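Trainee: Could you take me through one part of this model slowly? I would like a close look at a single helix and then at what surrounds it.

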Amino acid sequence: MWDFLQTYGGRLAEGTLVTAAQFALATAVALVAALAAGLGRLSAHWPVRAAATTYVEIFRGTSLLVQLYWIFYVLPLFGISLPKLTAGFLSVGLNVGAYGAEIVRGSILSVQRGQWEAAYALSMSPWKRMRRIILPQALVLMLPPWGNLLIELLKGTALVALIGVADLMFVAKQINGSTFLSAEAFGTALVIYYLLARVLITPAMRRLERSMARRLGRA
Amino acid sequence: MTFDWKWDFVWEIAPRLAAATLNTLLAAGSGYAIALVLGLALALGQRTRWPALTFILRETLEFIRSTPLVLQIFFIFYVGPQVGITLSPWVAGMMAIGLHYSAYLAEVYRAGIVAVPKGQWEACRALNMTTRDTYARIVLPQAVPQAIPGMGNYLVGIFKDTPMLSVIGVTELMQTANAIGSETYRFLEPYTLVGVIFLALSLPTAGLVRLLERVLRRKLGM
């Protein structure tokens, strides 16, 4: 095991960096998509609602792998050729964003009615009401489910290896292919994914939850 | 190659995709069956008298839930033969999916069991029921209906995760679409059809689960 890590540790570390980059970029895509679609589903204009609902249902109704292959192999036929790195984080981000949209929508709807009415009574514009009153409170509500969703997102990034992105999963597969040290290669990768989830993502989200609650005077 | 949708080609590959759809459903169904049984065992295993067992199970499930399914599929498929268990892609795939989702279902069962009112346990105690009878006749019949919506959501989840089985060569939808693509150099129709088939199956199922949830809530007076 020690020999294995000495020989392949470097490559696994490189793969982990690619996974981390895919994770960060996919998270950015997911946040933007979730916010846009979540607000879109609550819009007063039906075309906006319809567009947001279509996006959410299509991306939640099909598999991430199908979306990834479609974006990477079929979109070029429509004249949109994406490099595999971009296709990777874009698919993962859009997929998770569709689930995130439901979290955004749900948490906005669960901000207490009195808050909406108070903003209305102060004759705030809808945009100002959303930005200053509703969203900050909704944000506190949506952070815990987002923590779980980000773990799902990290797991989702493992699929980008299948279109050739040299992430952690890809490196593990390569090492397995050339050495047949399957238990070591896949086992190490599993442990790294676990550590990324439990040592980085979960504690970071907990801290964010606490600091957000404090800023709203609720801690 | 530019965008031109060919209906002839669609009809040509439709039978193969239909057969693959059956395989996908079979894979989802058997994976789910494993997950339902194993998940219950894992949930009950966390409620024994031995805190060490509870701790080990909880950490193991946490590990399974936080790591990618596709990697677990590879692990089981490639490491199995090295310890003397050669598994066919189907068996390895079903085991991986079953194990992965049992970790989620254990949590669903656990929540259902915890939601059974304390008085029910006390009544069993007062009637001198054995632990086995308490679970089999009183607790689980009340816990499982509570857990059904969660169980339904994971059925849809398993269904959508079956394309990952294509990585070890299970001939489900994704694998078939890949094969068609590499034989004919046409990816537009097979991949799009796979997406449409998934939508056509998972949207109604998700709708049914929501309906079932509403009916159950009413029946259980929640």
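This is a predicted model: local features need pLDDT of at least 70, side-chain atom pairs count only at pLDDT 80 or more; totals for chains, interfaces and linings use all residues.

Mentor: Helix 6 of chain A covers residues 126-157, and its end C-alpha atoms are only 37 Å apart, whereas a straight helix of 32 residues would span 46 Å. Look along helix 6 for a bend, and you will find a kink of about 45° at Ile134(A), shortly before the proline Pro136(A). Ile134(A) is also one of the buried residues of helix 6, a list that includes Ala138(A), Met142(A) and Trp146(A). Further along helix 6, Leu153(A), Leu154(A), Lys155(A), Gly156(A) and Thr157(A) are buried too.

Now for the partner chain. Between the two chains, 31 residues of chain A are in contact with 31 residues of chain B. Helix 6 is among the helices of chain A that each supply at least two residues to this side, along with helix 2, helix 3, helix 7 and helix 8. Helix 8 of chain A gives the most, with 10 residues. By type, the side of chain A that touches chain B has 21 nonpolar, six polar and four charged residues.

Finally, the core. The largest nonpolar core has 117 residues, and Phe186(A), Val70(B), Leu71(B) and Ile73(B) touch the most other members. Helix 4 of chain B gives the most to this core, with 13 residues.

Technical notes. Residues are numbered from 1 along each chain as its sequence is written. Chains are lettered from A and ligands numbered from 1 in the order in which they are written. Helices (H or I, at least four residues) and strands (E, at least two) are DSSP runs, numbered from the N terminus. The expected span of a helix is 1.5 Å times one less than its number of residues. The bend at a residue is the angle between axes fitted to the seven residues ending there and the seven starting there. A residue is buried if 20 or more other C-beta atoms lie within 10 Å of its own, exposed if 12 or fewer, and partly exposed in between; C-beta atoms are placed from the backbone. Two residues are in contact if their C-beta atoms, placed from the backbone, lie within 7 Å. Ala, Val, Leu, Ile, Met, Phe, Trp, Tyr, Cys and Pro count as nonpolar, Asp, Glu, Lys and Arg as charged, and the others, Gly among them, as polar. A nonpolar core is a set of buried Ala, Val, Leu, Ile, Met, Phe, Trp, Tyr and Cys residues joined through C-beta atoms within 7 Å.
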